[in-house]
Amino acid sequence: MYALVSLISAWAIPIMIVFIPLYAAYRKIPVYESFVEGAKDGFDTAIKIIPHLVGMMVAISVFRASGAMDMLIGWMRPFFESIGVPTEVLPLAILRPITGAGSLAFTTDLIEQFGPDSMIGRIASTVQGSTDTTLYVITVYFGAIGIRKAGYALKVGLISDAVGFIASLVICYLVFT
């Protein structure tokens, strides 16, 4: 199983990088022009999201500095300990939907402390790749384009993050034990 996962992960991105432009050329889509047009739109979007980005960064700082994250982890810890989940990855489950940079920094710390081949390092890496920065995406991108009613997107995104976290745990235990 591990060899299959390694083979797929080694070839997935190179195959996509070759396949997408070839398929676009086959469909007679002007690849370079489409790329340049998208890059121009991306620059405009980057300018629009700056105020939302600053607001989100302030909210993350307040959440962590106030002790709310530590309190939430304290409430979750007994349940996860009882089912055998390493509690060192719990802050990652909370941080990942909020901030990509913060969760990456936390994952880096876990890998430095426990090693990349430890179960904690593997779970942290898998969570990092299996979940998204839902609150960040909703705040920044939805705000930049003026979407005000994001309730359903928030619910679906957070449920997806929870499923991604649980799936990461299950897959790591199935593949690496």
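**Exercise 1.** Is Tyr2 buried, partly exposed or exposed, and what is its relative accessible area?

*Solution.* Keep in mind that this is a predicted model. Start with the cut-offs: buried means under 20% relative accessible area and exposed over 50%, with partly exposed in between. Tyr2 has a relative accessible area of 48%, so Tyr2 is partly exposed.

**Exercise 2.** Work out how the rings of Tyr2 and Phe176 are arranged, and which helices they join.

*Solution.* A search of the whole structure gives four aromatic pairs. For Tyr2 and Phe176, the ring centres are 5.6 Å apart and the planes meet at 65 degrees; planes over 60 degrees apart count as edge-to-face, so that is the class of this pair. Phe176, at 26% relative accessible area, is partly exposed.

**Exercise 3.** Describe the aromatic pair formed by Phe79 and Phe80, and the cluster around it.

*Solution.* The pair is edge-to-face, with 5.2 Å from centre to centre and 75 degrees between the planes. Phe80 is buried, because its relative accessible area is 14%.

**Exercise 4.** Where does helix α3 bend, and what do its buried residues pack against?

*Solution.* Helix α3 covers residues 68–82. Its bend, about 40 degrees, falls at Met76, and Pro78 follows within four residues. Met69, Ile73 and Phe80 are its buried residues, and they pack against α2 (31–65), α4 (90–95) and α8 (151–176). Just after α3, Gly84 adopts a positive phi of about 85 degrees.

Notes. Residues are numbered from 1 along each chain as its sequence is written. This is a predicted model: local features need pLDDT of at least 70, side-chain atom pairs count only at pLDDT 80 or more; totals for chains, interfaces and linings use all residues. Side-chain values use heavy atoms; hydrogens and water are left out. Helices (H or I, at least four residues) and strands (E, at least two) are DSSP runs, numbered from the N terminus. The expected span of a helix is 1.5 Å times one less than its number of residues. The bend at a residue is the angle between axes fitted to the seven residues ending there and the seven starting there. Buried means under 20% relative accessible area, exposed over 50%, partly exposed in between (1.4 Å probe, protein chains only). Contact means heavy atoms within 4.5 Å. Rings of Phe, Tyr and Trp (its six-membered ring) pair if their centres lie within 6.5 Å; planes under 30 degrees apart count as stacked, over 60 as edge-to-face and the rest as tilted.
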